[in-house]
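Try each task before you read its solution.

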Amino acid sequence: KRLVFIGAPGAGKGTHSYKLQNTFCLCQISTGDLLRNEIRAGTLLGKQAKTIMEKGGLVPNEIVINMVKNSLMKPDCAKGAILDGFPRTIQQAQKFDEILKSEGLSLFKAIYFKIDDEVILERLGGRLVHLPSGRSYHTKYNPPKIHGKDDITGEDLSQRPDDVPQTIKTRLENFHSQTKPMLEYYEKQGLLVTINAQASITNVWRQIKDVFKSGK
Ligand code: AP5
Ligand code: ZN
C-alpha cells in the first residue's frame, strides 16, 4: 500500500509515518528528511535547499520529484510506502501520478491531518528532533526517555532551524495557499481521508491504523 500524508507543519506527519513504517514494515519517504540529509552532507543540492527551507519556502519541483522517484525504486519500498510531505502542490500531485502510472503502481489513500493553526505553534515550539534519523519528540507530548537525548541512539536532540515563529508563519501560509488546493485533487479521485490530527498521539495513531487496515 502506498499512502500520502498531507498536513500543515507540525500536524504529526513525521511522528505517525515513523510509527506506521515500524509497525507494518513499509518504507517512509519524507522529502523534508531527505532534504535535511542533503544539508547535513553539505551537497550542492543541500546548499540550495537550505536557504529556501530556512525561509519556509518550497524547494523547486524537479529536486523533490527526483528524490521521490529514486526512493520509490528502492527494494524496501516495493511492499509499500508512506509519502510524508510530498506531494504538496497540485503540480507535484500530477507528476506523482505520472510516476506511479509509469511504474504500474497505485495510491491507496491520501490522509489529510486536519488541525487548527493555533495548535501548531505549541507543537513546533516544543519539538525536539534527532536530525540523522528524522525522529521527533515533544517536550510535553512525547518526551524522550532521557532529557535532550534520542531514545534509540542516545545522541543529542535539537530544535529544527525552521521552527522559529517567522518561518513557521511562512510555512503555514504556504500550506494554505499551495497545499490545501491539492486536497480537492485527491477528493475527486476518491482517495482523500480526513483525520482529526488535533487529538492525542494515541488517538491519531488509532485513526491512522484504522485507515491503513481498511480495504486492500
Ligand atoms: P517538512 O520536514 O516536511 O516540514 P513540514 O511539512 O513543515 O512538517 P513538519 O515536519 O514540521 O511537521 P510534521 O507534520 O512532520 O510534525 P511532527 O510529526 O514532527 O518540510 C520542511 C521543508 O522542506 C519545507 O518547509 C520545504 O521547504 C521543504 N520541502 C519538503 N517537502 C517538500 C516538497 N514536497 N516540495 C517542496 N519543498 C518541500 O510533529 C510535530 C510536533 O508535535 C512534534 O514535537 C511531535 O512530537 C508533536 N506531536 C505530533 N502529533 C501530536 C499529537 N497528536 N498531540 C500532541 N503532540 C503531537
Ligand atoms: Zn515532518
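**Exercise 1. Describe the overall fold.**

Start with the elements: the chain holds nine helices and seven strands (DSSP runs, H or I of at least four residues for helices and E of at least two for strands, numbered from the N terminus). Next, take the radius of gyration over C-alpha atoms. The value is 16 Å, close to the 17 Å that the globule rule gives for 216 residues, so the chain is as compact as a globular protein of that length. The rule is 2.2 Å times the number of residues to the power 0.38.

Before going on, note that this is a predicted model: local features need pLDDT of at least 70, side-chain atom pairs count only at pLDDT 80 or more, and totals for chains, interfaces and linings use all residues. Residues are numbered from 1 along each chain as its sequence is written, chains are lettered from A and ligands numbered from 1 in the order written, and side-chain values use heavy atoms, without hydrogens and water.

**Exercise 2. Find which residues of helix α2 are buried, and what they pack against.**

Step one: locate α2 at residues 31–41. Step two: apply the cut-offs, with buried under 20% relative accessible area, exposed over 50% and partly exposed in between (1.4 Å probe, protein chains only). Thr-31, Gly-32, Asp-33, Leu-35 and Arg-36 are buried. Step three: look for contacts (heavy atoms within 4.5 Å). The buried residues of α2 pack against β2 (27–30), α3 (44–55), α4 (61–72) and β3 (81–84). Gly-42 follows α2 and has a positive phi, near 70 degrees.

**Exercise 3. Explore the largest nonpolar core.**

A nonpolar core is a set of buried Ala, Val, Leu, Ile, Met, Phe, Trp, Tyr and Cys residues joined through side-chain atoms within 4.5 Å. The largest one has 55 residues, and Phe-96 is among those with the most contacts inside it. Helix α4 gives the most to this core, with six residues. Now follow Phe-96. Leaving out residues up to four places away in sequence, its contacts include Val-4, Leu-83, Phe-86, Pro-87 and Tyr-186.

**Exercise 4. Spot two backbone exceptions.**

Recall the background: most residues other than glycine have a negative phi, and most peptide bonds are trans. Check Phe-86 to Pro-87: this peptide bond is cis, with omega near -10 degrees. Pro-87 sits in the loop between β3 and α5 (90–102). Then check Cys-25: its phi is positive, near 55 degrees. Cys-25 lies in the loop between α1 (13–24) and β2. At 48% relative accessibility, Cys-25 counts as partly exposed.
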